[in-house]
Amino acid sequence: MPESKPFFSVVISTRNRKQLIQRALKSLLSQTENDWEVIISDDGSNDGTKELIHNMQLADPRIRYIPHNHVGAGPSKSIGVKKARGKFITFLDSDDEYESDHLVKRKKILLDNDIQLLHGGAKIIGNSKVPDINNPGNNIEIKKCIIGGTMFIRDDVFNMVGEYSLKQFGDDRDFFSRAKNAGLKIFETNEQTYVYHRDTDDSLCDNYDDEK
């Protein structure tokens, strides 16, 4: 008998963030919505992440672990997306977290509307500015950006616009732009249930030069 298709596939790309990913996963396990799987795309961690995830898998079979050699943040996320089985694919950065009602509120929006891509609704903790993708020497307000962690993408969208970007920086914006140009039905929500941490020393946005 084939496995049932989860409503959500949550993709987490991580590298040597054992302590931070525990917070992210705790917030996922605390969701009031239970119809999900999580794909942890481990980008070559050597800090004990594997052992941590293995122990968590023993308690919850919804946790899937995909280790691979270090390829960078964008390609690592793409690896996770390709393994996803859910009706909608979403993201959780390993240094971020969800409010407990994040998935249930997004599910209601998706069920009530014919949406192919949902985004928006982030609560910013810490620095509210990030490097401008068009001019990394300058900073812009996050509210002007597409925050990849807030995106929910219907599984058939990838057949229409191509795979998730392999770019190291700006992968979320690249995918969103292609979806918009393809004329997909896109909806933005203002419900701030995705907690975007900008108070972490190794934030990807703060280490742009290291990830290029």
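Hi everyone. When I say buried today, I mean under 20% relative accessible area. Keep in mind that we are looking at a predicted model.

Let's begin with helix H2, residues 49-59. Which residues of H2 are buried? They are Thr-49, Leu-52, Ile-53 and Met-56. These four residues sit on the same side of H2, because they cover an arc of only 90° around the axis. Turn to the other side of H2 and you will find Lys-50, Asn-55 and Leu-58 exposed.

Angles under 35 degrees count as roughly parallel, so that is what we call H1 relative to H2. Their crossing is right-handed. On the H1 side, the contact is made by Lys-18, Ile-21, Gln-22, Leu-25 and Leu-29. From H2 come Thr-49, Leu-52, Ile-53 and Met-56, the residues I listed as buried.

Finally, a quick look at helix H3, residues 73-83. Its buried residues are Gly-74, Pro-75, Ser-76, Lys-77, Ser-78, Gly-80 and Val-81. Strands E1, E2, E3 and E4 (88-91) are among the elements covering them, as are helices H5 (157-161) and H6 (171-181).

Thanks, and I'm happy to take questions!

Terms used: Residues are numbered from 1 along each chain as its sequence is written. This is a predicted model: local features need pLDDT of at least 70, side-chain atom pairs count only at pLDDT 80 or more; totals for chains, interfaces and linings use all residues. Side-chain values use heavy atoms; hydrogens and water are left out. Axes are lines fitted to C-alpha atoms, for helices over the stretch in contact, and angles run from 0 to 180 degrees between N-to-C directions. Helices (H or I, at least four residues) and strands (E, at least two) are DSSP runs, numbered from the N terminus. Angles under 35 degrees count as roughly parallel, over 145 as roughly antiparallel, 65 to 115 as roughly perpendicular and the rest as oblique. A crossing is left-handed if the near helix is turned anticlockwise from the far one by less than a right angle, and right-handed if clockwise. Contact means heavy atoms within 4.5 Å. Buried means under 20% relative accessible area, exposed over 50%, partly exposed in between (1.4 Å probe, protein chains only). The arc is that of the directions from the helix axis to the C-beta atoms.
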